[in-house]
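This briefing is for a reader who is seeing the structure for the first time. Please look through the sequence and the model before reading on.

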Amino acid sequence: MSKIFRLFIITLVLAFAGGALAQETPDWTNPFPPYRIIGNIYYVGSQGLAAYLITTPQGNILINSNLEKSVPMIRDSVEKLGFHFSDTKILLISHAHWDHCSGSAAVKELTGAKYMVMDADVPEIEAGGKGNFQYGDNPTSRYQPTKVDRVLHDGDEVRLGDTVLIAHLTPGHTKGTTTWTTKVTEAGKTYNVVIIGSPNVNPGYKLVNNALYPQIASDYERMFRVLKSLPCDVFLGAHGNYYGMEAKYSRMKPGEPNPFIDPDGYRSYVAEREQTFRAELAKQTAAAR
Ligand SMILES: [Zn+2]
C-alpha cells in the first residue's frame, strides 16, 4: 500500500470514528477566512470551531487550539493576517473538551507558548481527556496529555504587553469551563469583550444524581449568574454558532457599525440558554422522583 493511500485510509477511519462517537461535524474542519474582529482581537478558527488571536507588542495570545488537525489551519490563519505563529506566547482554552484543546500539545511544541488552564480542568488536560465526567471512557474524545504551565483560578488575570484577560470560572459544561473577558479600544472607544466558555447542556448530561459530578446543577446556576453579571459589548464564544459568527462576519462593512458589538444579542443568548438549562433540569428532576 502506498504511503499516501495508507494515510488516506487512516484519515477516513479517524474521521468516521470521530464523527460517530465524538460528533465531529464538517463545519469544525471547514476553513474560514481569518479576520480582525475588533481592536487587537482576530478570528483564526474554522467555520465551526472558534479560535482567537490577541496581539500585543510583547507577543500574542491564542485562545483555543481546537482539533489536532486544526493547528496547521490556525497557523496559516495567523500568518495570513501578517503575524508570526512563533510569536504565540500564551495558550488558553474555553474548556477541556477535545474540540477546543486537542491541538494544544502541537501549539506548545511549535511555539513554546505557556499553557494556562483553569484549575478544575487541569487534571483532564494533563490526562488527555481521561476522567471527564461525560466522555472520560470514550476513546474518541481523548487527546494528547498536555502539561499545564500555569494553573488558573477564578478571577485570575493573564497579562501580556498592554492586554489583560480575566479568567472567569463558569462551570457546568466542564468543571473548569472558562469565560474570558477583556477590554479593547477602537476609534477612541473602549468595549467590554466576553468570550463565553460554553453554557450548553450536552446530550446525555445528567444534571440530577450525577455521581461523577454531584454539583453539576449548582455549577450551571453559578455559571449563569456569572454570565448575567458580566458587562458585554462584544459577544464571542467557543463556537461561532453561539453568536451568529458567520452572519455577523458577512455584515462587516467599512464605515458601518461593527456587528460583533452586540450587547442585546449577548443578553438574549444567555437568557435563552438559561431557560433551556432550567427546562432540562426540571425534566430530569421530575423523572428522578
Ligand atoms: Zn464542550
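This is a predicted model: local features need pLDDT of at least 70, side-chain atom pairs count only at pLDDT 80 or more; totals for chains, interfaces and linings use all residues.

In which loop is Ala 187 found? Ala 187 is found in the loop between β10 and β11, the latter spanning residues 189-196.

**Residues with positive phi**

- Ala 187 has a phi near 50°, which is a positive value in a residue other than glycine.
- Ala 187 counts as exposed, with a relative accessibility of 81%, and the cut-off for that class is over 50%.
- Asn 66 is another residue other than glycine with a positive phi, here near 60°.
- The loop that holds Asn 66 runs between β4 (59-63) and α3 (71-80).
- Asn 66 is buried, because its relative accessible area is 1% and buried means under 20%.

**The zinc site**

- Three histidines supply the protein donors of the zinc ion: His 95 through NE2, His 97 through ND1 and His 173 through NE2.
- These donors lie 2.1 to 2.2 Å from the zinc ion.
- The spacing of the donor residues in sequence is H-x1-H-x75-H.
- His 95 and His 173 link distant parts of the chain, being 78 residues apart.
- His 95 sits in the loop between β5 (88-92) and α4 (98-101), while His 173 sits in the loop between β9 (163-169) and β10 (178-186).
- His 95 has a relative accessible area of 1% and is therefore buried.
- His 173 is buried as well, with a relative accessible area of 4%.

**Packing of α7 and α9**

- Helix α7 covers residues 216-229 and helix α9 covers residues 263-288; they pack at an angle of about 165°, and their axes are 10 Å apart.
- Because of that angle, α7 is roughly antiparallel to α9, the cut-off being over 145 degrees.
- The crossing of α7 and α9 is left-handed.
- On the α7 side, the contact is made by Ala 217, Tyr 220, Glu 221, Phe 224, Leu 227 and Lys 228.
- On the α9 side, the contact is made by Tyr 266, Val 270, Arg 273, Glu 274, Phe 277, Arg 278 and Leu 281.
- Of the residues in the contact of α7 with α9, 8 are nonpolar and 5 are charged, with no polar ones.

Definitions and conventions. Residues are numbered from 1 along each chain as its sequence is written. Side-chain values use heavy atoms; hydrogens and water are left out. Axes are lines fitted to C-alpha atoms, for helices over the stretch in contact, and angles run from 0 to 180 degrees between N-to-C directions. Helices (H or I, at least four residues) and strands (E, at least two) are DSSP runs, numbered from the N terminus. Angles under 35 degrees count as roughly parallel, over 145 as roughly antiparallel, 65 to 115 as roughly perpendicular and the rest as oblique. A crossing is left-handed if the near helix is turned anticlockwise from the far one by less than a right angle, and right-handed if clockwise. Contact means heavy atoms within 4.5 Å. Ala, Val, Leu, Ile, Met, Phe, Trp, Tyr, Cys and Pro count as nonpolar, Asp, Glu, Lys and Arg as charged, and the others, Gly among them, as polar. Donors are N, O and S atoms within 2.8 Å of the metal (3.2 Å for Na, K and Ca); water is not among the atoms, so sites may look incomplete. Buried means under 20% relative accessible area, exposed over 50%, partly exposed in between (1.4 Å probe, protein chains only).
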